[in-house]
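Here is my note on the model you sent, arranged as numbered points for reading beside the structure.

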Amino acid sequence: MNSVTTYRQPGLVLTDHRFPVPLDHARPDGERIEVFGREVVASETADPERLPWLVYLEGGPGFGARRFIGPQAWLGRAVREFRVLLLDQRGTGRSTPANRQTLPLRGTPAEQADYLAHFRADSIVEDCESIRRRLTGGAPWTVLGQSFGGFCATHYLSTAPDGLERVLVTGGLPSLHATADEVYRAAYPRVLRKNEAHFARYPQDAERARAIVAHLLDREVTLPGGGLLTAEAFQSLGILLGSGDGTHQLHLLLEGAFVPTPGGPELADSFLEQVQAHLSYAGHPLYAVLHEAIYAQGQGPTDWAAERVRAEHPEFDARRALAAGAPPLFTGETVHPWHFTTDPALRPLRETAELLAARDDWAPLYDPERLAANEVPVAAAVYHDDMYVDTAHSLETARAVRGLRTWVTDEYEHDGVRAGGPRVLDRLLALSRGEL
């Protein structure tokens, strides 16, 4: 069954769908969960039934599809020729949410971990195939995958290419072989370059960051939502540096960090409120719980790879930086065990996360032989020195997928599909159609 509700926004007609799917597609008669998708068409479309479908897979993992208001960004371009399905991947948004409140319904941490083992790209793609057959009558559709959504699209090409009309990837071509350790060994030097670029642009931020870290090392600071702002948590604000305007956002955040008080300078309430908004995983806990599992492919446990590889890069040690008179470096898209202590949204899930980090039976996600024989038109935007997804890994994969065409650009950062809007989608469609 597909439960449907239709309504309007300026310029758009929206139809909300709820699809029951198996928790484990290998056991189709077993437990079922619900996947939510929002169909979007332009309000002036005379006969939307005649339009081909495009399904959008959000980045993450752990984020529901973006909630647009009207034909914003790339969506305005897409609805000119597609019926768009904005899919909340399982466990996110309105798709049987998985978080600290709902996961105890599964039972023990071990039972929660077994449940979440069904929330990777392989299950997401099987959800897509189940939904596609219901919506399109069996016709293939176009997939637009942003970041982790591109990882899912690459798995789609590996396992169910007959369901694909074309694939468009933005900042999300994964390595077909790299372990989590190798992913992070490639990542930390990129993050270092983003730090160097930020402090070159805003040299005053070096002393501001030093003052904040010194303050945090001297006392315990609690965020408005009950989280702990440690020095390491503060450093993780560097995740902003991977987006187009992130360096400017970080600068504006730092400039208002302190206020004078009768007892001396303190971190401002307004600063702490903004920091909480950036650091909290309350809205996307699966991002933390499953982040390293997206790289696991039968090569042993991930075992907190980002934390272990960080120890190989002492330049990211905040205490060492202060002792040397250097600015503390910000980190990037990494999840660490301490996240499950500092963040109230993650604390109840610590044991579950530990069990997932120790899991060693993850199945391979990509089929290099099938990708080498690919016949589906594929176009990918690869962002030069992307902080989130290694450019060299992406280009290696591009060479391994038959017929894949790339657009390598330094005009955008990782969020190019949002920042570039219609232009990025136009370019990828043209590439996939052989028009460029």
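1. Which residues point one way from strand 4, and which the other way? Before the answer, please keep in mind that this is a predicted model. Trp 53, Val 55 and Leu 57 point one way, whereas Leu 54 and Tyr 56 point the other way, and all of these residues are buried. Strand 4, which spans residues 53–57, is accordingly described as mostly covered, with five of its five residues buried.

2. On one pairing of strand 4, the partner is strand 5 (residues 83–88), which runs parallel to strand 4 and is joined to it by five bridges. Leu 57 has Leu 87 as its bridge partner in strand 5.

3. Within strand 6, Leu 144 is the bridge partner of Tyr 56, while Gly 145 is the bridge partner of Leu 57. Leu 57 therefore has a bridge partner in strand 5, namely Leu 87, and another in strand 6, namely Gly 145.

4. These strands belong to an open sheet of nine strands, with the order 1-2-3-5-4-6-7-10-11 and mixed pairing. At its edges are strand 1 (3–9) and strand 11 (405–409), each of which pairs on one side only. On average, and with direction ignored, neighbouring strands of the sheet are turned by 20° against each other.

5. Helix 3 packs on this sheet, where it touches strand 2 (12–22), strand 3 (32–42), strand 4, strand 5 and strand 6, and its direction makes about 125° with that of strand 2. Helix 18 (residues 422–432) lies across strand 6, strand 7 (164–170), strand 10 (378–383) and strand 11, and runs at about 135° to strand 7. Strand 6 is thus named in the contacts of helix 3 and in those of helix 18.

6. For helix 18, the buried residues are Val 424, Leu 425, Leu 428, Leu 429, Ala 430, Leu 431 and Ser 432. The buried residues of this helix pack against helix 1, strand 6, strand 7, strand 10, strand 11 and helix 17 (416–419). After helix 18 comes Gly 434, which has a positive phi, near 75°.

7. How do helix 3 and helix 4 pack, and at what angle? Helix 3 (residues 121–136) and helix 4 (residues 148–159) pack at an angle of about 70°, with their axes 9 Å apart, and the two are therefore roughly perpendicular to each other. The crossing in which helix 3 passes helix 4 is right-handed. From helix 3 the residues Ala 121, Asp 122, Ile 124, Val 125, Cys 128, Glu 129 and Arg 132 take part, and they meet Phe 148, Cys 152, His 155, Tyr 156 and Thr 159 in helix 4.

8. Glu 129 deserves a separate look. This residue sits in helix 3 and counts as buried because its relative accessible area is 10%, which is under the 20% cut-off. When neighbours within four places in sequence are left aside, Glu 129 is in contact with Tyr 156, Ala 160 and Gly 163.

9. Helix 6 (residues 204–218) and helix 8 (residues 246–255) pack at an angle of about 55°, with their axes 10 Å apart, and that makes helix 6 oblique to helix 8. Their crossing is left-handed. Gln 204, Asp 205, Arg 208 and Ile 212 of helix 6 make the contact with His 251, Leu 254 and Glu 255 of helix 8.

10. Pro 344 lies in the loop between helix 13 (339–342) and helix 14 (350–358) and is partly exposed, with a relative accessible area of 26%. Not counting residues up to four places away in sequence, Pro 344 touches Arg 100, Gly 225, Gly 226 and Gly 227. Ala 277, in helix 9 (residues 269–279), counts as exposed because its relative accessibility is 64%. Ala 277 and Leu 223 are 54 residues apart in sequence, and their C-alpha atoms are 9.9 Å apart in space.

Notes:
Residues are numbered from 1 along each chain as its sequence is written. This is a predicted model: local features need pLDDT of at least 70, side-chain atom pairs count only at pLDDT 80 or more; totals for chains, interfaces and linings use all residues. Side-chain values use heavy atoms; hydrogens and water are left out. Buried means under 20% relative accessible area, exposed over 50%, partly exposed in between (1.4 Å probe, protein chains only). Helices (H or I, at least four residues) and strands (E, at least two) are DSSP runs, numbered from the N terminus. Two strands pair if DSSP finds at least two bridges between them. Axes are lines fitted to C-alpha atoms, for helices over the stretch in contact, and angles run from 0 to 180 degrees between N-to-C directions. Angles under 35 degrees count as roughly parallel, over 145 as roughly antiparallel, 65 to 115 as roughly perpendicular and the rest as oblique. A crossing is left-handed if the near helix is turned anticlockwise from the far one by less than a right angle, and right-handed if clockwise. Contact means heavy atoms within 4.5 Å.
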